Amino acid sequence: MKIQKIIGAGAIGLAFVAAAHAHGGATGIVRERMEAMEAMGDAVKTLAAMMSGETDYDAATVRDEAAAIRQHAGDAITSLFPEGSGGKPSEAKPGIWSDWETFAALAMQLETYAEGLESAAGNGLMHGGGAGAGNMMGQGNGMMGGGMTGAAVTPDPEALAAMPADGVFAMMTQTCSACHTKFRVDKD
């Protein structure tokens, strides 16, 4: 029993050391946003495995992971980027504050896509023939977001809810990529 407590305490200590190292010694608001980004990244990894068929599709897990992303998106993430919180160890480019409108629009777009993914979870995958299979085709209504241009558009929540989950997931991750390309310092 005593050995288990020591091992457990050691594992917890190592987890804190690993987390501090992973965040480059960040503290305060910078650490908070790094942890939020990490939580979203973990959710995307779980979802990506399902969307690619690497793991079995589970609608409840899709809803939970999409909710985790939604929880950190929109105003929740922009609130973690106050003016003057850039510089090392932050991975935020100064462009966040000089082009705040685009950054905030991408954050809101991410929130809408995550909410759409929650709603579309029961539709299954396009390639798996779920209830929403095929609904993504022919909907050229500008839902694809800003892509690499950074000009975010507001997706239609009702249309997202009718799509296959993997289609919504693809658009959500394109929003992540657009934001990272424009506003995150490349990791070495």
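Modeller: Contact here means heavy atoms within 4.5 Å. This is a predicted model, where local features need pLDDT of at least 70 and side-chain atom pairs count only at pLDDT 80 or more, while totals for chains, interfaces and linings use all residues. Residues are numbered from 1 along each chain, and side-chain values use heavy atoms, leaving out hydrogens and water.

Biologist: OK, which residues of H6 meet H8?

Modeller: Among them are Phe103, Leu110 and Tyr113 in H6, which meet a set in H8 including Phe169, Met172 and Cys176.

Biologist: What makes H6 roughly antiparallel to H8?

Modeller: The axes of H6 (residues 100-120) and H8 (residues 165-183) come within 9 Å and cross at roughly 160 degrees. Angles over 145 count as roughly antiparallel, so H6 is roughly antiparallel to H8.

Biologist: And which hand does the crossing of H6 and H8 have?

Modeller: Left-handed; that term needs the near helix turned anticlockwise from the far one by less than a right angle.

Biologist: What volume does the largest pocket have, and which residues are closest to its centre?

Modeller: About 730 Å³, with Met37, Glu38, Glu91, His180 and Arg184 closest to the centre, out of 30 lining residues. Lining residues have an atom within 4 Å of a point on a 1 Å grid; a pocket is an open set of points where a 1.4 Å probe fits, with protein on both sides within 12 Å along at least five of seven lines.

Biologist: Which element gives the largest share of that lining?

Modeller: H2, with eight residues.

Methods. Axes fitted to C-alpha atoms, helices over the stretch in contact; angles between N-to-C directions. Helix = DSSP H or I, 4+ residues; strand = E, 2+ residues; numbered from the N terminus. Parallel < 35°, antiparallel > 145°, perpendicular 65-115°, else oblique. Points joined across faces, edges and corners; volume = space filled by probe spheres on them.
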